[in-house]
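Q: I would like to learn how to read a structure like this one. Can we take the features one at a time?

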Amino acid sequence: AKITYIEHDGTKHEIEVADGLTVMEGAIRNMVPGIDADCGGACACATCHVYVDEAWLGKTGDKTGVEESMLDFATDVQDNSRLSCQIKVSPELDGLIVRMPEYQG
Ligand code: FES
């Protein structure tokens with residue numbers, strides 16, 4: 001699926017991410033800056049925080065309880081905040097847009 005990652009300064013990265021990977025892995029493997037993912041996707045660090053474009057909120061699913069509590073450690077959390085390691089890429093997410101916060105942690 002094609003995922004568009006937008007850095008805090010507006011720089012866009014359109015990346016083809018294989019289904020089954022997470023939105024976080026798609027960024028890390030393609031060296032998209034703005035996502036740190038210190039814990040490697042274990043939902044234990046909150047440094048893979050992204051904002052899901054409003055139009056996509058219905059498709060990216062709900063936050064898990066663990067994700068919700070980890071997000072407490074992220075900065076500038078908004079209603080559309082997610083941990084990108086908890087969003088699995090699938091054909092339905094083709095075209096997904098996520099924005100990175102100013103900084104992680
Ligand atoms: Fe650590 Fe997502 S990579 S919570």
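Q: In which sense do strand β3 and β5 pair?
A: First, the general idea. Helices (H or I, at least four residues) and strands (E, at least two) are DSSP runs, numbered from the N terminus. Two strands pair if DSSP finds at least two bridges between them. Here, β3 (residues 49-52) and β5 pair in the antiparallel sense, over two bridges. Y51 has R99 of β5 as its bridge partner. V52 stands opposite V98 in β5.

Q: What should I know about the model and its numbering?
A: Residues are numbered from 1 along each chain as its sequence is written. This is a predicted model: local features need pLDDT of at least 70, side-chain atom pairs count only at pLDDT 80 or more, and totals for chains, interfaces and linings use all residues.

Q: What pLDDT does the protein chain average?
A: pLDDT is the predictor's confidence in each residue, from 0 to 100. Where pLDDT is low, the predicted coordinates should not be read in detail. In this model the protein chain averages 97, and 100% of the residues score at least 70. The model also scores ipTM 0.99 and pTM 0.97.

Q: How many helices and strands are there in the protein chain?
A: The protein chain has two helices and five strands. Along the sequence they follow the pattern β-β-α-β-α-β-β. The radius of gyration, taken over C-alpha atoms, is 12 Å; this is close to the 13 Å that the globule rule (2.2 Å times the number of residues to the power 0.38) gives for 105 residues, so the protein chain is as compact as a globular protein of that length. Its C-alpha atoms fill a box of roughly 30 × 25 × 25 Å, taken along the principal axes.

Q: What is the order of the strands in the open sheet?
A: The order of the five strands is β2-β1-β5-β3-β4, with mixed pairing. The edge strands are β2 (12-16) and β4, each pairing on one side only. From one strand to the next, the twist averages 35°. For such angles, axes are lines fitted to C-alpha atoms, for helices over the stretch in contact, and angles run from 0 to 180 degrees between N-to-C directions.

Q: How many bridges join β3 and β4?
A: Three bridges, in the antiparallel sense. One partner to look up is R82 in β4, which bridges to V50.

Q: Which way do the residues of β3 point, and are they buried or exposed?
A: Count the neighbours to judge burial. A residue is buried if 20 or more other C-beta atoms lie within 10 Å of its own, exposed if 12 or fewer, and partly exposed in between; C-beta atoms are placed from the backbone. H49 and Y51 point one way from β3, V50 and V52 point the other way, and all are buried. Over the protein chain, buried residues make up 33% of the 105 residues.

Q: Which residues have the most contacts inside the largest nonpolar core?
A: A nonpolar core is a set of buried Ala, Val, Leu, Ile, Met, Phe, Trp, Tyr and Cys residues joined through C-beta atoms within 7 Å. The largest one here has 25 residues, and I3, V23, M24, I35, V50 and V98 have the most contacts inside it. β1 (2-6), α1 (23-29) and β3 each supply at least two residues of this core.

Q: Where is V89, and is it buried or exposed?
A: V89 is in the loop between β4 (81-83) and β5 (97-99). It counts as buried because it has 22 C-beta neighbours inside 10 Å.

Q: What does V89 touch?
A: Two residues are in contact if their C-beta atoms, placed from the backbone, lie within 7 Å. Leaving out residues up to four places away in sequence, the contacts of V89 include I3, V17, G20 and V23. V89 and G20 are 69 residues apart in sequence, yet 5.5 Å apart in space, C-alpha to C-alpha.

Q: Is P91 buried or exposed?
A: P91 counts as exposed because it has 7 C-beta neighbours inside 10 Å. P91 is also found in the loop between β4 and β5. With residues up to four places away in sequence left out, P91 touches A1 and D19.

Q: What is the phi of A37?
A: Most residues other than glycine have a negative phi. A37 has a positive phi of about 55°, although it is not a glycine. A37 lies in the loop between α1 and β3.
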